[in-house]
Amino acid sequence: MAAVPNLVTMKGITKAFPGVVALEDVDFALRRGEIHALMGENGAGKSTLIKVLTGVEHPDSGSIELEGKPIQVRSPLHSQELGISTVYQEVNLCTNISVAENIMLGREPYRFGSIDWKTMNRSAKTALKRLDIEIDVSRPLAEYSLAIQQMVAIARSLEISGAKILILDEPTSSLDANETALLFDVMRKLKGEGLGIVFITHFLEQVYRIADRITVLRNGKLVGTYDVASLPRLELVAKMLGRSVTELDAMSQVKTQAEQTQAVKPVVQANALGLHGALEPLDLELHRGEVLGLAGLLGSGRTETANLLFGVDAPDSGTLVVKDEAVKKFSPNESLKRGIALCPEDRKAEGVVGELTIRENIILALQARYGWFKFLDKQKQYTIAQEYIQLLGIVAPSPDQLVKNLSGGNQQKVILARWLATNPDVLILDEPTRGIDVGAKAEIQKLVLQLAAQNKSIVFISSELEEVLRISQRIVVLRDHKKAAEFTGTVDDQTVMHAMAGTV
Amino acid sequence: MAQEMSQPRANFNPALANVMQWLRANVVRNGPLLTTILIFAVAYVVGGQLYPAMQKPQVFFNLFINNGSLLLVSIGMTFVILMGGIDLSVGGMIALTTTASAALLKMGVSPFVVIPLMLVMGVVFGFTQGSVIHFLKVQPFIATLMGLFFARGVAYIISLSSITITDSFYKTLALTSLPIPFIANTYIYIPTLVAPIMLLVAVYLAFFTRFGRTLYAIGNNEQSALLMGLPVARTKILSYTFSGFCSALAGIVFSISLLAGYGQFATGMELDAIASVVMGGTLLTGGAGNVVGTLFGVLIYGTIVSILQFNGTLSSWWTRIGVGVLTLIFIGIQSLFYFRKKHG
C-alpha cells in the first residue's frame, strides 16, 4: 500500500476562525495517479482544507509536504506555481473573451511586442486536445455549454502550472449526465497521466463511479481515509453523519405518527416537476395538516425542490397543482398569493433584516402582501407582533428589540412569525433548526406539529435525520437531485439512511 | 407544409450556407460596432441632404479638428469603462491642464517643459485615482467625482478668469494648417493629429497586449480575473492612469486650439465622453466593446453638432437631446445583443 509515494501529505492541519475551529488536527494524503474524494456535510471542513492547500488560508499549525519536501503555500498564485490547480464549482472564467484567451490569459505568447494570436490559438487548441476536446477556440466562451466551460477551466489550470495536483470543487453540480460522463473521461485520462485529483462532490454515486479513495471529514475533524472498495455506501453515510452502523441497528425504531391516509385531494401536487441541472422530474403530494419531511444529504436537491415549489425557480418540465389550480406563473409573489410561504435556509443572507426591530421584521411579509400603499397602523402592528412573540415564545424584552441582538433560535422564530402572519396554508421550512441550540430546536419542532394540527401543510427540510423522523408523517428522500424513496408512517432511520445512500 | 419548406433550405449549397453562418456570427458579434458606423453614415448623409454645404469634404475633417479633445478623453474613458469602471474627472482634468499650462507659459516657462509636465500631472492624477479606487475600495463614481471637483477647483485657484496663451510655439502649432493630400481645399491642424495617433495606440493596447486583454477580463468578471491569477490591481490602476494621461493630452490639445486656459473649459465633457463611448458600442457595465467604436461615437456626436450649426436657428442644447436619445437607443440595442448572446 505504501508503494505509491504520496504527492501531497498534509499533517496535523489545524485552523481556527474566531469562535469556531474549522479544522482540528486533520491529516490528508494524495497519491500520484489517484482520484481522491473528499466528503463531508456542511461545516465539515472540506473547503477550509482545500483553502489551506491552495494558499487561500494559512493553517495555525500542521505541515504540508509536496513530493516529500515541506512547503508553505503563501497564496493561490503560489500554489499554482507549485503545481496545485483548482477548478471551482462556478466556472471562474471570463465568458466574454475567446476560449483561447481564457486558457492562455496571463501567459499570452508575444511576438514583436504584440500578442501573437495565431500561436495563442494553436496552444489553446493543443491544451484542449489533451482533454480530447476540439472546438473553435477563437469564439467567445459564452457560446459553449457549461461542461465545455468546465473543461476549458481544467485546460487552463493544466496549462498554467503543468499541474501535478488538480482540485475539482463540486465540478458536476451543474452538469447533466452526459456532461458528467465527459468530465469523468477527462479525469480518468489525467489520472492515467499521473495527476493526483482531489474530487469534492455531494453525489455519492459519482464517488463510487470514479474515486479510488475517500477521506471523510466531520465537524472539522478527520473521520478517516478509506479505499472505496472497502467502504460500503451506508457506512460512508453513517460516517458523514457521525453515527455508527451497528449502533443504528441496535437503536429502537423511532415512530412517527401515522395519520390516516386522507382521501381528500392534496393541497400541493407536483407531477414530474423538474428543472434541468437542478432537479430531475419528481412527484410530490402534500396534504392538509401534514408534515412532509424532505430528507437527503446536502446537495441532494432539497433546497432546489423548495425553490421550485415556492416559485423561486421556474421548472422546465412537469406541472404543479396548488389547491386544484395548475400553476402557470412561477414567482414567490404568486406563491404567497396562493398561500405558500418559504423560510429560506440561510437566515442571515435571505431571512431576517438585523437592523430592523422584531415588529418590523414580522410585519414585512404581511405588508408586502397588502401592497405598499395600504398602511397598517402601528397599534395593529404591535398587536400582531405581540401575538406572535407570545405564540412562538420569542424571548425578547419588547417588540422593538433589534433582531440582530436576538439569539439564533429567536431569529428563526421571528422569520417563522413573519410568514405565519401572512396566514399561509402551506409552509416550506428549509433547515429551520440549523445553528440553534437544542432547546430552541425542540420548540421549533413542537411549533411545526402545532401548526400541522391547525390544518396547515408543512414541508420540513432538515439535515438532521432524527428531527425529520420525529415530526414528519411522510418522508421523501432525495438523492443526487432526484427522488430516491418515499416513506409513509413508521420508518426507522436506518431504512431512510439506506435510501439516502442509495443502497436500498 | 412547413417541413417541405425547410427541406430545400437544408440542402442549400453548403458553401454558401457556411458563408451565411460566418456572416451571421460575425455580424452578431460586431453588431453594436456596425450599428454605430451605420448610424454615423446615415446621420452624415442626412445632414448632407439637408444642408448641401455639409457635403464639402472639409466638414468631415472639421469633425476631427473640433472633437480632438473629446476623442482623446473618450479613448481613455473606453478603457476605464471596458474594465468596469467610470472616470468622471476628465472634464476637470482638461480645465486644470489648460489653466496650469497657460499660467506656466505666462510665467515664461518653456512649452517643452510645460507639455511633459502636464502629461506627468495627468499620469500622477490618474494613478492616484486608480489607487484610491482599488486600495481604499471607493466607488469609481465617487472617487472620480471628487477628482473632478478637485481638478476644477485647482484650476479656479490658479486663475478665476481666462488666461490667454501668447507663446509662439503654441501659436505655431495652433495656426499651421496641414493640407490633406489628394483632396483639394482640405486641411487639418497639427494638434488634430494627436487623437487619431492615440487611437492607433489604443487599438494596439486593447487587442495586442496583455494589459488590454486583462481589461476585458476584469470588466466581464473581476472575481474570475482574480482567480485566474491575472494582475487585477495593476491593470485597474493602469486604466485610470491611462485615462488621466489621455485627459492631460486632451487638455494640451484644447489649450493649443483655443490658445487659452480657463477653469470653465470642457464643462460636462465627461458626460459627452461617456455618451460617445456608449454610442460606440461599449457595454456600460464593462467587458465588451471596441475602442474603434468610440471613434464613431465621437463622430456621431460631432455630426449632430455640425448639423445644428449648419441649421443655425436651433438651440445648441438640441445636441444634448440628440446625444441623450441616441445613447439610450444604444443601451437598448446592447441589451438586445447581450440578450441574444445569452440565449442564442
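Reply: Helices (H or I, at least four residues) and strands (E, at least two) are DSSP runs, numbered from the N terminus. This is a predicted model, in which local features need pLDDT of at least 70 and side-chain atom pairs count only at pLDDT 80 or more, while totals for chains, interfaces and linings use all residues. Residues are numbered from 1 along each chain as its sequence is written, and chains are lettered from A and ligands numbered from 1 in the order in which they are written.

Me: Thanks! Which residues of α4(B) meet α14(B)?

Reply: From α4(B) come Val59(B), Leu63(B), Asn66(B), Asn67(B), Leu70(B), Leu71(B), Ser74(B), Ile75(B) and Thr78(B); they meet Val291(B), Thr294(B), Leu295(B), Gly297(B), Val298(B), Leu299(B), Tyr301(B), Gly302(B), Thr303(B) and Ser306(B) of α14(B). The residues of this contact of α4(B) with α14(B) divide into 10 nonpolar, nine polar and no charged. In these classes Ala, Val, Leu, Ile, Met, Phe, Trp, Tyr, Cys and Pro count as nonpolar, Asp, Glu, Lys and Arg as charged, and the others, Gly among them, as polar.

Me: At what angle do α4(B) and α14(B) pack?

Reply: Two packed helices are described by the angle between their axes and the distance between the axes. Here α4(B) and helix α14 (residues 291–311) of chain B pack at about 135 degrees, with their axes 8 Å apart. Axes are lines fitted to C-alpha atoms, for helices over the stretch in contact, and angles run from 0 to 180 degrees between N-to-C directions. α4(B) and α14(B) are therefore oblique to each other; angles under 35 degrees count as roughly parallel, over 145 as roughly antiparallel, 65 to 115 as roughly perpendicular and the rest as oblique.

Me: How far apart are the axes of α5 and α12 of chain B?

Reply: The axes of α5 (residues 90–106) and α12 (residues 232–258) of chain B lie 8 Å apart, and the helices pack at about 50 degrees. This pair, α5(B) and α12(B), is therefore oblique, with a right-handed crossing. By class, the contact of α5(B) with α12(B) has eight nonpolar, eight polar and no charged residues.

Me: Over in chain A, where do the axes of α14 and α15 come in: within what distance, and at what angle do they cross?

Reply: In chain A, the axes of α14 (residues 378–392) and α15 (residues 408–421) come within 10 Å and cross at roughly 125 degrees. α14(A) and α15(A) are therefore oblique to each other, and their crossing is right-handed. Ile384(A), Tyr388(A) and Leu392(A) of α14(A) make the contact with Lys413(A), Leu416(A), Ala417(A), Leu420(A) and Ala421(A) of α15(A). These residues of the contact of α14(A) with α15(A) are seven nonpolar, no polar and one charged.

Me: In what order do the four strands of the open sheet of chain A stand?

Reply: Strands pair if DSSP finds at least two bridges between them. The order is β14-β13-β16-β17 (chain A), and the pairing is antiparallel. β14 (279–286) and β17 (325–326) of chain A are at the edges with a single partner strand each, so one side of each has no neighbour in the sheet. Inside the order, β13 (residues 268–275) and β16 (residues 317–322) of chain A pair in the antiparallel sense over five bridges, and Asn271(A) stands opposite Thr319(A) in β16(A). Helix α10 (residues 302–310) of chain A lies across β13 and β14 of chain A, at about 65 degrees to β14(A).

Me: How many residues of β9(A) are buried?

Reply: A residue is buried if 20 or more other C-beta atoms lie within 10 Å of its own, exposed if 12 or fewer, and partly exposed in between, with C-beta atoms placed from the backbone. Four of the five residues of β9 (residues 165–169) of chain A are buried, so this strand is largely enclosed by the rest of the structure. β9(A) pairs in the parallel sense with β6 (residues 84–87) of chain A over four bridges and with β10 (residues 196–200) of chain A over five bridges.

Me: Is Ala53(B) buried or exposed?

Reply: Ala53(B) is exposed, with 11 other C-beta atoms within 10 Å. Its place is in the loop between α3 (31–50) and α4 (57–82) of chain B.

Conventions: Two residues are in contact if their C-beta atoms, placed from the backbone, lie within 7 Å. A crossing is left-handed if the near helix is turned anticlockwise from the far one by less than a right angle, and right-handed if clockwise.
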